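Please have the structure open as you read.

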Amino acid sequence: MMPKPILEQYGLNKQNVVITAFGSGLINHTWLVTDQNKEYILQRINNQIFTRPEDIASNIDILGKYLSEHYPDYLFVKPVKTINGQDLVYLEAQGYFRLSPFVPNSHTIDVVTNPSQ
């Protein structure tokens, strides 16, 4: 279960959301967050592997702005900004978290098993 301060940073009320583990958690811990009719993916960034999460967030932001300007029809999933306009939430002793819109019918491949993947 996610700490309440993370949800509050995104303007979500813990009373109204359902949080379930999502995926294999191979690198990051991931949860599906359902808030009435909206679904999100919440990730706790593994900062043992990604030692500078702020840089990753900055790069994603730059890429998202570029794609929006030059390829506005391209589906690029950008993280949801916090109520303070941040890309990440940091909690002492918990780490870094980001929230993204859930894309229905999407999937991730943990282990590639054939060349087409």
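The protein's secondary structure comes to two helices and five strands, where helices (H or I, at least four residues) and strands (E, at least two) are DSSP runs, numbered from the N terminus. Along the sequence, these elements follow the pattern α-β-β-β-α-β-β. Please keep in mind that this is a predicted model, in which local features need pLDDT of at least 70, side-chain atom pairs count only at pLDDT 80 or more, and totals for chains, interfaces and linings use all residues. Residues are numbered from 1 along each chain as its sequence is written, and side-chain values use heavy atoms, with hydrogens and water left out.

**Overall form**

The C-alpha trace spans about 45 × 35 × 35 Å along its principal axes. Of the 117 residues, 31% are buried, meaning under 20% relative accessible area with a 1.4 Å probe, protein chains only.

**Empty spaces**

Where is empty space left? Rolling a probe the size of a water molecule over the atoms shows this. On a 1 Å grid over the protein atoms alone, a cavity is a set of points where a 1.4 Å probe fits but cannot get out, while a pocket is an open set with protein on both sides within 12 Å along at least five of seven lines; lining residues have an atom within 4 Å of a point. Grid points are joined across faces, edges and corners, and a volume is the space filled by probe spheres set on the points.

The table sets out the two spaces, with residue classes in which Ala, Val, Leu, Ile, Met, Phe, Trp, Tyr, Cys and Pro count as nonpolar, Asp, Glu, Lys and Arg as charged, and the others, Gly among them, as polar.

| Space | Volume | Lining by class |
|---|---|---|
| Largest pocket | About 740 Å³ | 12 nonpolar, 10 polar, two charged |
| Largest cavity | About 30 Å³ | five nonpolar, no polar, one charged |

The largest pocket holds about 740 Å³. Of its 24 lining residues, Phe22, Thr30, Ile41, Gln43 and Thr108 are the closest to its centre. Strands β3 (38-45) and β5 (95-101) are the elements that give two or more residues to this lining, and β5 gives the most, with three.

Which residues line the largest cavity? They are Ile45, Pro53, Ile56, Ala57, Leu88 and Arg98. Helix α2 (residues 53-70) gives the most to this lining, with three residues.

Technical notes. Buried means under 20% relative accessible area, exposed over 50%, partly exposed in between (1.4 Å probe, protein chains only).
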